[in-house]
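Subject: Structure handover

Hello,

Here is the structure I promised to pass on. Please open it alongside this message.

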Amino acid sequence: QVQLVESGGGSVQAGGSLTLSCVASGRWDSINGFAWYRQAPGKERELVARVDADDTTRYADYVKGRFTISRDFTWHTAYLRMNSLKPQDTAVYYCNFEVWRSGRILEYWGRGTQVTVSS
């Protein structure tokens with residue numbers, strides 16, 4: 001079984017910064033990638049950023065230039081550095097972790113960490 005522990009959420013004023021961390025533990029053959037999603041009240045969960053095993057990154061348009069995803073596969077950790085935060089960034093942020101095991105890609109989710117940005 002794989003477990004994810006997220007940390008780094010909190011409350012900040014608009015323009016502030018936060019860094020989220022996600023540490024994975026468990027068993028797998030290899031890591032396929034990490035991603036961060038978010039879900040605001042009354043809205044669907046949406047992709048914020050993703051980093052693949054080859055370091056390819058993808059970002060939602062609304063965070064490009066403000067958020068940076070990084071990973072340390074040696075330590076099974078992913079980070080999301082969030083700068084220039086806006087009130088509309090307020091959401092629960094979820095870590096998503098994909099691994100290969102026994103020839104299949106398996107996906108795991110963290111429990112989420114709240115980010116609140118006040119104006």
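Below are my notes on the sheet, the rings and the charged pairs. Please keep in mind that this is a predicted model.

**Sheet**

Four strands make an open sheet, ordered S1-S3-S8-S7. Their pairing is antiparallel. Strand S1 (3–7) and strand S7 (67–72) are the edges, each pairing on one side only. On average, neighbouring strands in this sheet are turned by 15° against each other, direction ignored. Inside the sheet, S3 and strand S8 (residues 77–82) are joined by 6 bridges. Val23 sits opposite Thr77 in S8.

**Rings**

There are 3 aromatic pairs in the structure. One of them is Trp28 with Phe97. The geometry is edge-to-face, with 5.0 Å centre to centre and 80° between the planes. Trp28 comes from the loop between strand S3 (18–25) and strand S4 (30–39), while Phe97 belongs to strand S9 (residues 91–101), so the pair ties together parts that are 69 residues apart in sequence. Both ends are buried: Trp28 has a relative accessible area of 17%, and Phe97 has 0%. Ring pairs also bring in Phe34, giving a cluster of Trp28, Phe34 and Phe97.

Arg45 lies over the face of Tyr94, 3.7 Å from the ring centre. Arg45 also lies over the face of Trp109, at 4.7 Å from the ring centre.

**Salt bridges**

Side chains of opposite charge can pair when their charged atoms come close. The whole structure has 7 salt bridges. Three of them follow.

- Glu98 and Arg50: the closest N and O atoms are 3.1 Å apart. This pair links distant parts of the chain, with Glu98 in strand S9 and Arg50 in strand S5 (residues 46–52), 48 residues apart. Glu98 is buried at 15% relative accessible area. Arg50 is buried as well, at 9%.
- Glu46 and Arg38: their side chains meet at 3.0 Å, N to O. Glu46 is partly exposed, at 31% relative accessible area. Arg38 is buried, at 6%.
- Asp61 and Lys64: their side chains meet at 3.1 Å, N to O. Asp61 and Lys64 are exposed.

Best wishes

Methods
Residues are numbered from 1 along each chain as its sequence is written. This is a predicted model: local features need pLDDT of at least 70, side-chain atom pairs count only at pLDDT 80 or more; totals for chains, interfaces and linings use all residues. Side-chain values use heavy atoms; hydrogens and water are left out. Rings of Phe, Tyr and Trp (its six-membered ring) pair if their centres lie within 6.5 Å; planes under 30 degrees apart count as stacked, over 60 as edge-to-face and the rest as tilted. Helices (H or I, at least four residues) and strands (E, at least two) are DSSP runs, numbered from the N terminus. Buried means under 20% relative accessible area, exposed over 50%, partly exposed in between (1.4 Å probe, protein chains only). A charge sits over a ring if NZ of Lys or CZ of Arg is within 6 Å of the ring centre and within 35 degrees of the ring normal. Two strands pair if DSSP finds at least two bridges between them. Axes are lines fitted to C-alpha atoms, for helices over the stretch in contact, and angles run from 0 to 180 degrees between N-to-C directions. A salt bridge is a side-chain nitrogen of Lys or Arg within 4 Å of a carboxyl oxygen of Asp or Glu.
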